[in-house]
Amino acid sequence: GSVRIASLTSAQRDEWEANFVKNKNKPEVALKQFRARLVGMCLVDEEGNRLVPENKIGAFARKNAAVISELFEECQRHNGFTDEDVAELEGK
């Protein structure tokens with residue numbers, strides 16, 4: 001099937017990034033569900049409703065890694081995240 005990828009607001013992007021910045025010294029926390037969280041924030045239905053509510057991110061993160069990675073990359077491109085932005089958040 002097909003899904004829609006929403007554009008994040010500045011506040012949503014800040015929220016996503018803040019999780020990693022505040023936990024930068026605890027990589028096991030900072031990187032937990034890193035990709036699934038961004039994808040979950042971006043996947044929406046035709047009315048713009050999130051397909052993956054915040055309380056379902058854990059279950060969503062257990063889905064196929066290749067699919068989530070592909071969606072992550074598309075969400076990243078769609079929302080103007082550079083590879084450098086992501087590498088910085090990942091601590092690389």
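Trainee: Is Gln-76 buried or exposed in this predicted model?

Mentor: The model is predicted. Gln-76 lies in helix H5, which spans residues 65-78. Its relative accessible area is 8%, and the cut-off for a buried residue is under 20%. Gln-76 is therefore buried.

Trainee: Which residues does Gln-76 contact, leaving aside its neighbours within four places in sequence?

Mentor: Gln-76 belongs to helix H5. With those neighbours set aside, the residues in contact with Gln-76 are Leu-38, Phe-81, Thr-82, Asp-83 and Val-86.

Trainee: Is Asp-83 buried or exposed?

Mentor: Asp-83 is found in helix H6, residues 83-90, and is one of the contacts of Gln-76. The relative accessible area of Asp-83 is 58%, and the cut-off for an exposed residue is over 50%. Asp-83 is therefore exposed.

Trainee: What distance separates the C-alpha atoms of Asp-83 and Glu-73?

Mentor: Asp-83 and Glu-73 are ten residues apart along the chain. In the model, the separation of their C-alpha atoms is 9.4 Å.

Trainee: Which residues of H5 make the contact with H3?

Mentor: The crossing of the two helices is left-handed. On the H3 side, the contact is made by Phe-34, Arg-35, Ala-36, Leu-38, Val-39 and Cys-42. By class, the contact has nine nonpolar, two polar and one charged residues. The H5 residues in the contact are Ile-68, Ser-69, Leu-71, Phe-72, Cys-75 and Gln-76.

Trainee: How many of the nine residues of H3 are buried?

Mentor: H3 is mostly covered. Its buried residues are Phe-34, Ala-36, Leu-38, Val-39, Gly-40, Met-41 and Cys-42.

Trainee: What is the phi of Gln-33?

Mentor: Gln-33 is found in the loop between H2 and H3. With a relative accessible area of 21%, Gln-33 is partly exposed. Although Gln-33 is not a glycine, its phi is positive, at about 60°.

Trainee: Where in the protein is confidence lowest?

Mentor: The mean pLDDT of the protein is 87, and 90% of its residues reach 70 or more. Confidence is highest in strand E2, residues 43-44, at 96. Where pLDDT is low, the predicted coordinates should not be read in detail. The lowest confidence, a mean of 67, is in helix H2, residues 27-30.

Methods: Residues are numbered from 1 along each chain as its sequence is written. This is a predicted model: local features need pLDDT of at least 70, side-chain atom pairs count only at pLDDT 80 or more; totals for chains, interfaces and linings use all residues. Side-chain values use heavy atoms; hydrogens and water are left out. Helices (H or I, at least four residues) and strands (E, at least two) are DSSP runs, numbered from the N terminus. Buried means under 20% relative accessible area, exposed over 50%, partly exposed in between (1.4 Å probe, protein chains only). Contact means heavy atoms within 4.5 Å. A crossing is left-handed if the near helix is turned anticlockwise from the far one by less than a right angle, and right-handed if clockwise. Ala, Val, Leu, Ile, Met, Phe, Trp, Tyr, Cys and Pro count as nonpolar, Asp, Glu, Lys and Arg as charged, and the others, Gly among them, as polar. pLDDT is the predictor's confidence in each residue, from 0 to 100.
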